[in-house]
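Reader: I am new to this structure. Please take one part and look at it closely.

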Amino acid sequence: MTFRPLHDRVLVRRIEAADKSAGGIIVPDIAKEKPQEGEIVAAGTGVKAENGVLTPLDLKAGDRILFGKWSGSEIRLDGEDLLIVKESDVLGVVG
């Protein structure tokens, strides 16, 4: 199935955190928080202003991003859990 986000939304695949802490302690699944880092799978075209001018997104497919803890809507496509996030909920691009 193909999916194309609309307007100022991006489709994000979460990047899972490591199973070990920096000190070498193994973190069980129930103690892990949802990752706030992800990779953009697809991006919308941008936002149209009232005068009809299209402002493109600063994000593109392949960008690694940080997003807010409670941002976006979780969806399942082709057996994979993904997240739809508005560009304004993206905190920044990593690397």
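Author: Arg14 is buried, at a relative accessible area of 18%. Buried means under 20% relative accessible area, exposed means over 50%, and partly exposed lies in between (1.4 Å probe, protein chains only). This is a predicted model: local features need pLDDT of at least 70, side-chain atom pairs count only at pLDDT 80 or more, and totals for chains, interfaces and linings use all residues. Residues are numbered from 1 along each chain as its sequence is written, and side-chain values use heavy atoms, leaving out hydrogens and water.

Arg14 forms a salt bridge with Glu74. Their closest N and O atoms are 3.5 Å apart. This pair links distant parts of the chain, 60 residues apart: Arg14 sits in strand S1 (residues 9–14), Glu74 in strand S6 (residues 73–77). Strands (E, at least two residues) are DSSP runs, numbered from the N terminus. A salt bridge needs a side-chain nitrogen of Lys or Arg within 4 Å of a carboxyl oxygen of Asp or Glu.

The whole structure holds five salt bridges. Among them is Glu37 with Arg64, at 2.4 Å from N to O. That pair also links distant parts of the chain: Glu37 is in strand S2, Arg64 in strand S5 (residues 64–67), 27 residues apart. Glu37 is partly exposed, at 22%. Arg64 is partly exposed too, at 37%.

Another salt bridge joins Asp63 and Lys60, at 3.0 Å from N to O. Here Asp63 is buried, with a relative accessible area of 10%. Lys60 is exposed, at 53%.

Conventions: Helix = DSSP H or I, 4+ residues; strand = E, 2+ residues; numbered from the N terminus.
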